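Work through the exercises below with the sequence and the coordinates open. Each task is followed by a solution in steps.

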Amino acid sequence: MSKKPSKLWIIIPCYNEENVLPITSELFLNELKDLIGKKKITDDSRILFVNDGSKDKTWQIISDLAKSDPHYIGISQSRNRGHQNAVLAGLMEAKDKADITISIDCDGQDDITAMEAMVDEYHNGNEVVYGVRNKRKTDTFFKRFTAESFYKLLNSMGAEVVFNHADYRLISARVLKEFAEFKEVNLFLRGLIPLVGFKSTSVYYERHERMAGESHYPLSKMLGLAFDGITSLSVRPIQMITMFGCFVAVMSFIGILWAIIAVILGQTVQGWASMTCIICFFSGIQLVSLGIIGNYIGKIYMEVKHRPRYIISERTWEKNDE
């Protein structure tokens, strides 16, 4: 692949980031200008902030940044639609305007300087470059355990994800144009991008503490993301229900034979405890199974509606043109 400078758009989803955005925006700009100075990217590269329906002053800050330097641009969604949809909105905005995109969170935890290695890997012929954490020193034991279990669970359930990779990645315009054909409403980008294919590699970095503000991904959201990832990318839970159902059917048939033999031999003993336990157990299994199946049906319901995955209400460059 040619090593001539590429046009880069950095995609940064933002939700209620008024505390951290003034700090990290300067860091992003410094990295962008450093890459421009090294002639690895062109001067018309941009930093695209995606306001995900923030309720604080995030959009005002983005608008002010866009006025202060032409490398800053921003789009605002009409309402909050979630992190994955915000990243998608930025990627789709950039796919016809940039040679490469790098998506990264706003909080400064991901090593911004790893972008240079990502761009180098792109120039070496890789169309997708995953940013992967090599250490979790800043995490508590509980956070580290739950995060690693999260990736192991996803892979065990058939969702193809890169271990310790979130949404810090470089994607070429070629891949984005193919990815645009994926029309899922239920988005799990870290599982969908590998499905597109193309040559890929990983860049390893050390993650830092959040620079300001509070995390928007507590344990409850992490668990919800894992469940969405599994049910959006894999039917293995339904297959497990089917296998378990077959196992229970076999055990039930054996139980029936045992009961008939016990009656013939006159060894039956009347009692309610064992019967109650069995009824409660199978009732619980049935409810859990129906819940999982219902979740899949709910996702099908949302998919067939074909609702837009994001709606952009404002663009900073349109405001500046007025």
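Predicted model: local features only at pLDDT ≥ 70, side-chain atom pairs only at ≥ 80, totals over all residues.

**Exercise 1.** How many disulfides does the count give? Account for C14 and C106.

Solution. 

Step 1. A disulfide is a covalent bond between the sulfur atoms of two cysteines. The cut-off used here is a sulfur pair within 2.5 Å.

Step 2. For C14, the closest cysteine sulfur is that of C106, at 4.0 Å, which is too far for a bond.

Step 3. From the side of C106, the nearest cysteine sulfur is that of C14, again 4.0 Å away, and C106 is in no disulfide.

Step 4. The count is zero disulfides.

**Exercise 2.** How many salt bridges are counted? Take the pair K33 and D69 and state which parts of the chain it ties together.

Solution. 

Step 1. The count is twelve salt bridges.

Step 2. In the pair K33 and D69, the N to O distance is 3.5 Å, and the cut-off for a salt bridge is within 4 Å.

Step 3. K33 belongs to helix α1 (residues 21–37), while D69 sits in the loop between α2 (58–68) and β3, so the pair ties together parts that are 36 residues apart in sequence.

Step 4. K33 has a relative accessible area of 39% and is partly exposed. D69, at 11% relative accessibility, is buried.

**Exercise 3.** Which residue forms a salt bridge with D120? Find the network that includes the pair.

Solution. 

Step 1. The partner of D120 is K40, with the closest N and O atoms 3.0 Å apart.

Step 2. D120 is in helix α4 (residues 114–123) and K40 in the loop between α1 and β2 (46–51); the pair links distant parts of the chain, 80 residues apart.

Step 3. D120 is partly exposed at a relative accessible area of 28%, whereas K40 is buried at 17%.

Step 4. The network of salt bridges links D34, K38, K40, E116 and D120.

**Exercise 4.** Where in the chain do R174 and E127 lie? Give the distance of their salt bridge.

Solution. 

Step 1. The side chains of R174 and E127 form a salt bridge with an N to O distance of 3.2 Å.

Step 2. R174 is in helix α6 (residues 173–179) and E127 in the loop between α4 and β5 (128–135), 47 residues apart.

Step 3. E127 is buried, its relative accessible area being 8%.

**Exercise 5.** What are the totals for helices, strands and buried residues in the chain?

Solution. 

Step 1. There are eleven helices and eight strands in the chain.

Step 2. Of the 322 residues in the chain, 44% are buried.

Conventions
Residues numbered from 1 in each chain as written. Heavy atoms only, no water. Helix = DSSP H or I, 4+ residues; strand = E, 2+ residues; numbered from the N terminus. Buried < 20%, exposed > 50% of the residue type's maximum accessible area, 1.4 Å probe, protein only.
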